[in-house]
Amino acid sequence: MAVAGVQDREKLVHFLARHNADLVARRGELVDATTRPALAVTGERGELRGVLTYDIVGDECEILTLHVEDQWTGSGTALVAAVAPIAAGAGCRRLWVVTTNDNVDALRFYQRRGFRIAAVRPGAVDEARRTLKPQIPPTGSYGIRLSDEIELEQRVAAPDAQAPGSPPRTGVAPAGTAAAGTAAHRAAPPGRASTEVDALRQR
Ligand SMILES: CC(C)(COP(=O)(O)OP(=O)(O)OC[C@H]1O[C@@H](n2cnc3c(N)ncnc32)[C@H](O)[C@@H]1OP(=O)(O)O)[C@@H](O)C(=O)NCCC(=O)NCCS
């Protein structure tokens, strides 16, 4: 499945807004995911079928948002596989993501893809709803009360850890797109409120 960097910011804004993921609340901060680099799986007419936004700060890469239109058909896997070498190319050693206690599908998804639980923050979503993002619903997936953040992480292998001559691990967009692992991805995007993390509710 082909993954490419998103060039069309208008499409990105619409996609994220449709998934209530343009503003992400997590770790006590709110971040505007529409300003961050994004990878996508696209449909026949160029429409976005799955989007992952990410943020590189220091030697860490955060998956800020991940949403697909056609669940369980491999798009999420392709997007996560594509961001790992970008993180490695930018010198990151840690890939991390925050999800919520109700999102048992995402917990399964990430753990099956090598992520480990790194932190649990009881009540963090309740606090974000109160102080940052009132539109976070009280009830999440499967009718579960939406209250807590769960942070997952994966170590990122250094690019030179790959065997010489081995094929690239994923098919990512060419240089010049959001998918290229260059120093440009380290630059704080416009409107960035803080170099520390951002708050997010990914659903
Ligand atoms: C979670 C999400 C990103 C996964 O992407 P996807 O394209 O649907 O998943 P894929 O087809 O690539 O991978 C399927 C995997 O999902 C996991 N999964 C979790 N619940 C599942 C279910 N009900 N049915 C099938 N797979 C499920 C499994 O790990 C499965 O892989 P496995 O069979 O090897 O265990 C996607 O479903 C989604 O957009 N969910 C809603 C938004 C969201 O919760 N995003 C994550 C926020 S942190």
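## Conventions and confidence

Helices (H or I, at least four residues) and strands (E, at least two) are DSSP runs, numbered from the N terminus. The model is predicted, so that local features need pLDDT of at least 70 and side-chain atom pairs count only at pLDDT 80 or more, while totals for chains, interfaces and linings use all residues. Residues are numbered from 1 along each chain as its sequence is written.

The chain has a mean pLDDT (the predictor's confidence in each residue, from 0 to 100) of 84, with 78% of its residues at 70 or more. Over residues 165-203 pLDDT stays under 50.

Seven strands form an open sheet with mixed pairing, in the order S1-S4-S5-S6-S7-S9-S8, where two strands pair if DSSP finds at least two bridges between them. Strand S1 (4-5) and strand S8 (116-121) are the edge strands, each pairing on one side only. Within the sheet, strand S5 (residues 48-57) and S6 are antiparallel over eight bridges, and Gly-50 stands opposite Val-68 in S6.

Helix H1 (residues 9-18) packs on the sheet and touches strand S4 (38-42), S5 and S6.

## Two positive phi values

Most residues other than glycine have a negative phi. Arg-27, in the loop between strand S2 (23-26) and strand S3 (29-32), has a positive phi near 50 degrees. Arg-27 is buried, with 20 other C-beta atoms within 10 Å; the cut-offs are 20 or more for buried, 12 or fewer for exposed, and partly exposed in between, with C-beta atoms placed from the backbone.

Trp-72, found in the loop between strand S6 (60-68) and helix H2 (75-89), has a positive phi of about 65 degrees. Trp-72 counts as exposed because it has 10 C-beta neighbours inside 10 Å.

Key:
Two residues are in contact if their C-beta atoms, placed from the backbone, lie within 7 Å. Axes are lines fitted to C-alpha atoms, for helices over the stretch in contact, and angles run from 0 to 180 degrees between N-to-C directions.
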